[in-house]
Amino acid sequence: MTELNAIVLAAGHGKRMKSAVPKVMHPVAGRPLVYYPISAALTAGAHRVIVVVGHEREQVMPYLARAFGDRVVIAIQHEQNGTGHATAQALPVLPQRAHRVLILCGDTPLLAADDLRSLAKTLDSHPDAPLAMLTCTVDDPTGYGRIFRDENGRISEIREHRDLDNDAQRAIREVNPGVYCANVDFLKEALTQIDSNNAQGELYLTDIVALAAKQGGTIGFAADARSLVGVNDRAQLAATETVMQARIIEKWRRSGVTIRDGAVIHDTVKIAPDATIENGVTLRGTTTVSAGAVVDVGCVIEDSFLGENTIIRPYTVVSYSRLEAGAHVGPFAHIGAGTMIGTQSQVGNFVETNKTILHPHAKANHLAYIGDAEVGQSATIGAGTIFCNDDGYQKHRTRIGPGAFIGCNSKLVAPVDVGKNAYVATGTTVTQDVPDEALAIGRAQQENKADYAPTLRHQLKTAARVKHET
Ligand code: UD1
Ligand code: MG
């Protein structure tokens with residue numbers, strides 16, 4: 001078998017998306033559409049993948065460089081004159097020795113690498129035919145190019161939906177998924193012969209099918225329509241997301257992860273066996289969930305690491321953070337960017353953290369804001385504590401020593417250090433460093449006025465009545 005190369009067409013406007021974002025950059029399961037066909041081509045063994053970019057290419061090219069590095073080569077289509085014209089732009093960068101090439105569309109994210117391999121084999125096993133293509137049969141063929149066959153059942157041409165003449169043609173349900181494997185010499189020649197005499201005035205790649213039919217045949221390989229959906233509008237985008245989610249969740253379930261219904265898991269996420277993902281959880285980006293971790297109902301975890309046996313209680317948001325083994329977080333906590341929560345640490349309800357390290361066994365169980373801080377081992381942050389880290393111009397850091405205890409409703413005005421095993425009394429506003437083992441107390445003195453409550457009540461009641469009567 002000769003070397004396999006691939007061309008991915010990704011230069012189109014995607015007008016039906018009605019979007020400022022180029023179609024192929026719309027995300028499905030956390031990755032742009034175009035990622036998937038490129039990845040399928042690489043998995044199928046493509047030596048070089050040439051991606052044709054054009055419309056809004058300044059958004060597409062940096063992504064391709066980041067995601068694939070030198071495994072993809074870019075070709076530019078300056079004007080979007082159709083899929084045939086786009087394919088022609090890739091020819092100059094095809095390796096000289098290339099004998100055959102896969103051509104795929106950047107908007108078919110469910111494509112399977114196995115179908116690409118089968119397609120290449122189909123062409124290999126028909127030495128006289130210059131072209132092979134995937135075919136499929138769909139319930140609703142609207143928008144797809146229809147496959148026309150001759151009286152012997154051989155593919156004779158493809159006609160675009162808009163170029164169909166009558167209802168009988170529109171009723172054809174065998175359609176073109178837009179995935180081909182071509183002999184390179186044939187392709188080069190055929191692309192010089194197509195014209196733009198069609199409803200859209202474009203050069204259609206599909207016109208090479210009729211040319212091949214006359215020069216040895218276009219061989220069809222029937223594939224499962226479910227993996228060949230082309231995304232042209234937001235409804236197809238949503239349908240694709242549903243299929244992709246089902247695939248991702250099935251893969252993790254089979255590998256030993258418990259995943260309840262309603263979870264959304266990006267393709268970029270990793271989950272170890274024996275983790276539990278409860279209903280309605282969303283796992284995004286580079287998130288890793290380790291063995292034994294439980295992510296409870298309604299949590300959103302983004303670009304974060306959850307260590308072994310961590311427990312994330314319901315409705316917690318974790319972003320760009322790292323939770324070490326056995327940490328407990330939530331319910332209703334917000335673990336903001338740059339938080340590191342040490343082994344067996346606890347962060348409870350209505351606590352927000354940001355750019356903060358909590359060392360092992362530290363606790364902040366209720367209603368607190370902890371920003372730009374380091375909280376020492378086994379330290380306790382009481383309910384209602386606020387780390388005042390921002391002076392309106394700059395952020396400042398707070399350090400809490402190991403074993404320190406910060407009483408409820410304290411304010412820590414950064415920059416400030418609280419020493420090892422120090423004690424901050426409830427309601428204190430800490431503006432100076434607190435030495436190791438010291439007690440800091442700073443609150444208004446309380447005064448008790450004996451038997452004053454009835455007098456106060458009488459005054460308040462009278463005031464209310466006067467207001468009501470006037
Ligand atoms: C195309 C096929 C149609 C097939 C369908 C499968 C043609 C003429 N039609 O139609 O037979 O059933 O795919 O999904 O090929 N592109 C460019 N440059 C252009 C135009 C398009 O790079 O000038 C790229 C797009 O970015 C896209 C792909 O080619 O990734 C297909 O273009 P699209 O406009 O989606 O074609 P369809 O109407 O879906
Ligand atoms: Mg399309």
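Where is Y315 found, in a strand or in a loop? Hello everyone, let's begin there. This is a predicted model, where local features need pLDDT of at least 70, side-chain atom pairs count only at pLDDT 80 or more, and totals for chains, interfaces and linings use all residues. Residues are numbered from 1 along each chain as its sequence is written, and side-chain values use heavy atoms, leaving out hydrogens and water.

So, Y315: it is found in the loop between strand 22 (311–312) and strand 23 (317–319). Helices (H or I, at least four residues) and strands (E, at least two) are DSSP runs, numbered from the N terminus. With a relative accessible area of 46%, Y315 is partly exposed. Here buried means under 20%, exposed over 50%, and partly exposed in between, using a 1.4 Å probe and protein chains only.

Next, R31, which lies in strand 3 (residues 31–32). Is R31 buried or exposed? R31 counts as buried because its relative accessibility is 18%. Its side chain joins that of D267 in a polar contact of 2.7 Å; such a contact is a pair of N or O atoms within 3.5 Å, and within protein one must be able to donate a hydrogen and the other to accept it, while residues adjacent in sequence count only if both atoms are side-chain atoms. Leaving aside residues up to four places away in sequence, R31 touches H26, Y36, D267 and T268, where contact means heavy atoms within 4.5 Å.

Last stop, helix 4. Its buried residues include A113, L116 and L123, and the buried residues pack against helix 1 (35–43) and strand 6 (100–105), among others.

Definitions and conventions:
Chains lettered and ligands numbered in written order.
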